[in-house]
Amino acid sequence: VSQSRYGHIWLREVNSQALQCALANLDAAYTNFFRGITKFPNFKSKKHKHSFTVPQGCKLIDDRIIIPKFREGIKTIVHREVNGEIEKMTLTKSASGSYFVSILTTQRHTPADKTNISCGIDLGIKDLVTTSQGIKFKNERSTTKHQKLLSSAQRRLSRKQKGSNSYERQRRKIAKIHDKIRHVRHDTLHKITHELIKTNDVIVMEYLNVVRMMKNHCLAKHIADSSWDVIVTGK
């Protein structure tokens, strides 16, 4: 049966391995749902980020990624050295229109030396993490810092006609602000967790019911800005 008969001619624009990988991910999602491991799979709307995975035939040569149907390569800003053997690549287009590529590699890691140090950590609003040794990590509060700019951009969006070009341009500006907030938050969390793991063998923390605490309207915004749920669940 031809793809054009059902209006799916656009499937030819990508390589067959990417389509097979998407079907494999869908099958795994349904399998985990029926086993009671996860919730029912969510529909991926085209209004949010787009992504696809290339499971084979991908290379990184100098500053270009080579994937099927892009043999001439796609120019990329490589912000960190890629070590090991490349297994697959995932290309993502964010809501702001930016493109990212995540590269999965296999390599040998040498275990770090033991420090024989244990510590307990306490989560807070002013100081995101306080250790039992008295070390404090500042809470960057990325959402609070950008709240004025974000509110102004959202008010401008509310005055635009939905579906117009000006609406789309303003929507992208808001998406870029959200990207900035997310990147600052992730950078802070990665630096804190890396420092704690590097200097301690055992880390102990209290269990917090973040979902229940978020129902407190006086603290919900600050807790969400601090990403306690990411720290507690380790996502």
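Mentor: Start with one definition: a residue is buried under 20% relative accessible area, exposed over 50%, and partly exposed in between. Keep in mind that this is a predicted model.

Trainee: Why is Lys136 called exposed?
Mentor: Its relative accessible area is 55%. The cut-off for exposed is over 50%. So Lys136 counts as exposed.

Trainee: What makes Asp127 partly exposed?
Mentor: Asp127 has 21% relative accessibility. Buried needs under 20%, and exposed needs over 50%. Asp127 therefore counts as partly exposed.

Trainee: What joins Asp127 and Lys136?
Mentor: A salt bridge, with the closest N and O atoms 4.0 Å apart. The rule asks for a nitrogen of Lys or Arg within 4 Å of a carboxyl oxygen of Asp or Glu. By this rule the structure has eight salt bridges.

Trainee: How do you know that Arg172 and Glu168 form a salt bridge?
Mentor: Their closest N and O atoms are 3.5 Å apart. The limit is 4 Å, so the pair qualifies. Both residues lie in helix α4 (residues 165-199), four residues apart, so about one helical turn separates them. Arg172 is partly exposed at 39%, and Glu168 is partly exposed at 30%. A network of salt bridges links Glu168, Arg171 and Arg172.

Trainee: Which salt bridge does Glu195 make?
Mentor: Glu195 meets Lys198, at 3.7 Å from N to O. These two are three residues apart in helix α4, about one helical turn. Glu195 is partly exposed, at 32% relative accessibility.

Trainee: Are Cys21 and Cys218 buried or exposed?
Mentor: Cys21 is buried, at 14%. Cys218 is exposed, at 66%.

Trainee: Next, the rings. How many aromatic pairs are there?
Mentor: A search of the whole structure finds four. Tyr30 and Phe34 make a stacked pair, with centres 6.4 Å apart and 25° between the planes.

Trainee: What makes that pair stacked?
Mentor: Centres must lie within 6.5 Å, and planes under 30 degrees apart count as stacked. At 6.4 Å and 25°, Tyr30 and Phe34 pass both tests. They sit four residues apart in helix α1 (residues 16-34), about one turn. Tyr30 is partly exposed at 32%, and Phe34 is exposed at 67%.

Trainee: Why is the pair of Phe33 and Phe40 called edge-to-face?
Mentor: Their planes stand at 90°, and their centres are 5.2 Å apart. Phe33 is partly exposed at 27%, and Phe40 is partly exposed at 48%. Tyr30, Phe33, Phe34 and Phe40 form one aromatic cluster.

Trainee: Which residues make the nonpolar surface patch?
Mentor: Leu23, Leu26, Tyr30, Phe34 and Phe40, with an area of about 560 Å².

Trainee: What is the mean pLDDT of the chain?
Mentor: The mean is 87, and 95% of its residues reach 70 or more.

Methods
Residues are numbered from 1 along each chain as its sequence is written. This is a predicted model: local features need pLDDT of at least 70, side-chain atom pairs count only at pLDDT 80 or more; totals for chains, interfaces and linings use all residues. Side-chain values use heavy atoms; hydrogens and water are left out. Buried means under 20% relative accessible area, exposed over 50%, partly exposed in between (1.4 Å probe, protein chains only). Rings of Phe, Tyr and Trp (its six-membered ring) pair if their centres lie within 6.5 Å; planes under 30 degrees apart count as stacked, over 60 as edge-to-face and the rest as tilted. pLDDT is the predictor's confidence in each residue, from 0 to 100. Patches are made of residues with over 30% relative accessible area and no salt bridge: like charges are joined within 9 Å, nonpolar side chains (Val, Leu, Ile, Met, Phe, Trp, Tyr) within 5 Å. Accessible areas come from the Shrake-Rupley method with a 1.4 Å probe; for residues, only the protein chains shown count as cover. A salt bridge is a side-chain nitrogen of Lys or Arg within 4 Å of a carboxyl oxygen of Asp or Glu.
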